[in-house]
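Trainee: Before I use these terms, I would like to know what stands behind each of them.

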Amino acid sequence: MSDPLIIGGRSLTSRLFIGTGKYSRNTLIPEVVEASGSQVITVALRRVDPGSNDNIISHIPSSMTLLPNTSGARTAEEAVRIARLANASGMGNWVKIEVINDQKYLLPDNAETIRATEILASEGFVVLPYMSPDLSAALRMKEAGAAAVMPLGSPIGTNRGLRTRELLRILIAEVDLPVIVDAGIGRPSEAAEAMELGAAAVLLNTAIATAHNPLLMASAFRDAVAAGRKAYLAGLGPVEETASASSPLTGFLG
Amino acid sequence: MGFYETVQRLGQQTDTERWRQYTKEDVKRTLRKEHLDERDLQILLSPAAADCLEEMARCARRLTRSHFGHVMQLFTPMYLADFCINHCTYCSFSSIYDFPRKKLSPEEVRQEAKAIAATGIRHILILTGESRKESPVSYVKECVNILREFFSSVSIEVNPLSEDEYKELKAAGVDGLTLYQEVYHEETYRKLHIKGPKKIYRNRLDAPERGCQAGFRTVNIGALLGMNDWRQEAFFTAMHARYLQDKYPECEIGVSAPRFRPFLGEYNPEHIVTDRALVQIILAYRLFLPRAGITLSTREPSALRDRLIHLGVTKMSAGVSTEVGGHTLQGGTPQFEISDGRSVQEISGMLRANSLQPVFKDWDILETV
């Protein structure tokens, strides 16, 4: 069954996006790429060091689509500068905008993110903004030229799952863009849940990078995302509060 | 209102003798809580918690790995100048000591930078004594201009400055401020700082806040442990960090737990901080401030540092000299004696052997992009 995800003119067969942070060694990255089957990988520009012999980029297989992120940006202007730096250093024109003004919970600043989206989309970037799941903000990001929106399931690194489930459901229903659930997913079952809800993809890092066996966990997420997507396409049966009788009460009406 | 008002308010409650009332059950309850408050912090620093270090360590490690991953940020301090007009009883750079003072020339800064950068280090922390004549803001700026060629992050540890001066340095490319209060207990502070502008307790206490207002990306604070009751000092440090986090959520607040080290003079700390106490302090910081960076310096011996890396620490110095020009010149006077003289390569190897990735670069100077 062909079910590609199209973003920025690129056709992706995997709906699992992964990260590069928090690993005990960079040499795990290509192994995780392989085990996860992922095609898109995000990398914080702040960590990229072309002068180093252990540069993170050198560990990423060339077949991957790089999604540089603006981690560390506190304003739209900083995010824009980081995105331009990433582009100038040959990391392509995709960017995950991450503007965070709150170092306690690491929650994104939607207003600044919208501004950065507008500027970078007009410069030809394929913009994927990381956001708090808010419908009006998501619609403004779409208007500003975002290629997808990336609402959080829970705060970054918490592994708490889809605490924002109701808001994600609304975004998926109302925003005519791929909705990629980013951050907070701690278990494969939660990734499957996001996909069943109709998310276009999920992005996760901590759950794989801090697992006891990152490769096995990467492959578990690969299966969970695929299963969740299949379930979504198959159309889940309705959930009922009460049991439904196999002999209906109005059956006598014929 | 600044943190001084909080210090005054808390001053009346920090009779740490009263913390003996807390029990192991209190500690266990605190460890189950999601958000810790002032009382929880007291509990974690109390004598009862000293018997629960293993449980605290497990929680601290889980939090650290989940928020920061299996990584350790490395940096190197670089001493630019040791001229100082202050007399502080515990420091070799004190104005009363007669030794040949030194400040690096631009060319020497370049050579020193080159030597440090060759070890792979990309984050540098620059230090000076306090002397508006020998190492004014304009001198620091001149050095920063050179250092930007070699490093992706430049932080300062210099005497307290005004908000405008911090802004000036930020515009020059400085992204982080480290400033230790040394002692939060005001009366003890006065006794230890005998001469010079550093005597003014409040000017130092408010400086990290001025750094936040100036827009530094990271602000790192701490108390020099050993000069006063460590429970009290750790309590004030963590409360100060929480105060700054609450008021300046955009700024990354970090804490350090430096223990007093031997230096040129005779001062001996009145309060011994044992290894167990140091561990308790670091664990309390991590649990109370789950997302704060925690820095561990080479004041601690290598064998102990190798253990502390699993308990909440996120940043370590490596390849350290506390002398002006210590990486390229001869004959300087160290500010204090370090205990871990390992090279960057050796520290990196130790981290890797412990399944931690040494991180050299975690920022880009954006000022001119």
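The questions below concern an annotated site and the terms used for it.

Mentor: This is a predicted model, in which local features need pLDDT of at least 70, side-chain atom pairs count only at pLDDT 80 or more, and totals for chains, interfaces and linings use all residues. Residues are numbered from 1 along each chain as its sequence is written, chains are lettered from A and ligands numbered from 1 in the order in which they are written, and side-chain values use heavy atoms, without hydrogens and water.

Trainee: How do you know that the residues under the UniProt annotation "binding site" gather at one spot?

Mentor: The unreviewed entry lists Gly157(A), Ala183(A), Gly184(A), Asn205(A) and Thr206(A); such annotations may be inferred rather than shown by experiment. They span 50 residues in sequence, but no two of their C-alpha atoms are more than 9.3 Å apart, so they gather at one spot.

Trainee: Why is Gly184(A) called buried?

Mentor: Buried means under 20% relative accessible area (exposed is over 50%, partly exposed in between; 1.4 Å probe, protein chains only). Gly184(A) has 6%, so the word applies.

Trainee: Is Thr206(A) buried or exposed?

Mentor: Thr206(A) has a relative accessibility of 8%, so Thr206(A) counts as buried too.

Trainee: What makes the pair Thr206(A) and Lys22(A) a polar contact?

Mentor: A polar contact is a pair of N or O atoms within 3.5 Å; within protein, one must be able to donate a hydrogen and the other to accept it, and residues adjacent in sequence count only if both atoms are side-chain atoms. The side chains of Thr206(A) and Lys22(A) are joined at 2.9 Å, so the pair qualifies.
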